[in-house]
Amino acid sequence: MATKAEILKAREKWKQHCETVQAATAVNINETAEQRLARLRRLLLNYADFVDFYFPHWTENPETGQSTPCAPFHIDAANKIRKNRNLKAGFVWHRGAAKSTNMDVFIPMWLMAWDILGAEIFGTAKVKGREINVMVLVGKSEDNAKTLLSDIQAELQYNQRYIADFGEQYNAGSWEEGEFVTRSEVAFFARGRGQSPRGLRYRSHRPDYVVIDDLDDDELVESPARVSKLFDWVRSALFGTLDGGRGRFFMVGNLIAKNSVLAKWCEIKTVHVTRVNIYDSNGNISWRAKWTPAEVQALADVAGYRAFQKEYMNNPIIEGAVFRNEWIRWGKRPAWSKFSEIVLYIDPSFKGSTKNDIKAAKLWGKVKGGQLWHLRAFVRQATVAEMVRWVYDLYEWATQTGIAVKFYVEANFMQDMLMDDFKKEGELRGYQLPIIGDKR
């Protein structure tokens, strides 16, 4: 529970934020009715434009003065949420990806805008039913949830552009009390993890937009019992606030542990999962408009390998359960003639689809005198055929370089569908690789 001093500090900080919102959202009084209608049509249909116009105080870079546009994954998430009123989802986004800002503020206000003017602008045939009636924002604690709720109240109460277009919204209640209601009759509630959500409703409406924001923390995930208990609370008491399962229900956060509430939620088959790392699968920055490669590299250098993987790559690593990064030694590869033996060992896994096991093939070389060198690697979530093509490419590179490579695979895979893929690729290239089955 927050102390009196902490409450006063939070209240003062909120007032300062409200002043910023009000000052940044000046209205163009010279806009004609036709221009306003065209603008509103564009903003309602285009989430990125909606964010740029109504929230310049969030998107502007204070150092450059330029706006940072939404990333493609922000736009995809917003569109998916609007198109599916019963979406159950896990948004596993890296730290700094504006998870809370989009899910707790921008998207709810976009949905409210559709409710207020959608039918008037596009006609009742294209707008069926209200998008949002009751939003519940769940945080690590009740105080944390109230602070998150304060952001959207500040916008509804002081965002001059939003008020000019959609009317005065603030009506009654306060984020400090953990709940408030708008004039368009949308109710907002804040709850901390484990706090009873039973009985949450506004008039005849039960919650239909529930967002669970960064529920996990480093202390919680150390206790499997606590994680299990909290996950049960999420899918029973909290999920039960929906009207028979109808409504949007999300969990957002970065994957700080494999044993976490977010991880368990994302394992449910019917839950739509979107995973965004700071680097995408091609090694490019996911939100290029926000960070340069040099900035991300500097971030990685300061954070260190393990913390960077956990916070920015959704790849939590338990220290001691794998090889530690500091154990890996880098060096200039000896001349190929110095190696007494070079082996490619293949671990293909049992699955063929890209959604299953990780395929691995690693090239190792032993130098005369005993040193073992890790030379090349294929380690990725891929099909068997992709891995086989890489192995054949490596063989052709080795042949051109004048290197003799022995190819090994665990013997039980020799009878698996794996060998069919090798045979097919060999027929295309005109030769078969001499693969040895390891019977150990």
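The points below begin with the basis of the model and then go through its cores, a helix pair, the aromatic rings and the backbone.

1. This is a predicted model, in which local features need pLDDT of at least 70 and side-chain atom pairs count only at pLDDT 80 or more, whereas totals for chains, interfaces and linings use all residues. Residues are numbered from 1 along each chain as its sequence is written, and side-chain values use heavy atoms, with hydrogens and water left out.

2. The largest nonpolar core has 62 residues, and Phe91, Met103, Tyr162, Phe188 and Tyr209 are the ones that touch the most other members. Its largest share, 13 residues, is supplied by helix α6 (residues 99-122). A nonpolar core here is a set of buried Ala, Val, Leu, Ile, Met, Phe, Trp, Tyr and Cys residues joined through side-chain atoms within 4.5 Å; buried means under 20% relative accessible area, exposed over 50%, and partly exposed in between, with a 1.4 Å probe and protein chains only. Helices (H or I, at least four residues) and strands (E, at least two) are DSSP runs numbered from the N terminus.

3. Once neighbours within four places in sequence are set aside, Phe91 is in contact (heavy atoms within 4.5 Å) with Ala77, Ile81, Met103, Phe250, Met251, Val252, Gly253 and Thr274. There is also a second, separate core of 30 residues, with Val134, Val234, Val261 and Trp265 among its members.

4. In helix α12 (residues 305-312), Phe308, Gln309, Glu311 and Tyr312 are buried, and the buried residues of this helix pack against α11 (293-303). The axes of α11 and α12 come within 6 Å and cross at roughly 125°, where axes are lines fitted to C-alpha atoms, for helices over the stretch in contact, and angles run from 0 to 180 degrees between N-to-C directions. The two helices, α11 and α12, are therefore oblique to each other, given that angles under 35 degrees count as roughly parallel, over 145 as roughly antiparallel, 65 to 115 as roughly perpendicular and the rest as oblique.

5. Where these helices meet, Val296, Leu299, Ala300 and Ala303 of α11 face Tyr305, Ala307, Phe308 and Tyr312 of α12 in contact. After α12 comes Asn314, whose phi is positive, near 50°.

6. Which rings form a stacked pair at 4.8 Å centre to centre? They are those of Phe180 and Phe188, with 15° between the planes, and both residues are buried. Rings of Phe, Tyr and Trp (its six-membered ring) pair if their centres lie within 6.5 Å, with planes under 30 degrees apart counted as stacked, over 60 as edge-to-face and the rest as tilted. The rings of Tyr209 and Phe250, by contrast, have centres 5.2 Å apart and planes at 90°, so this pair is edge-to-face. It links distant parts of the chain, with Tyr209 in strand β6 and Phe250 in strand β7 (residues 248-253), 41 residues apart; both Tyr209 and Phe250 are buried.

7. Ring pairs also join Phe50, Phe53, Tyr54, Phe55, Trp58, Phe106, Tyr162 and Phe166 into a cluster.

8. Glu185, although not a glycine, has a positive phi of about 65°; Glu185 sits in the loop between β4 (179-182) and β5 (187-192) and is partly exposed, with a relative accessible area of 34%. Arg203, also not a glycine, has a positive phi of about 55°; Arg203 lies in the loop between β5 and β6 (209-213) and counts as exposed at 59% relative accessibility.
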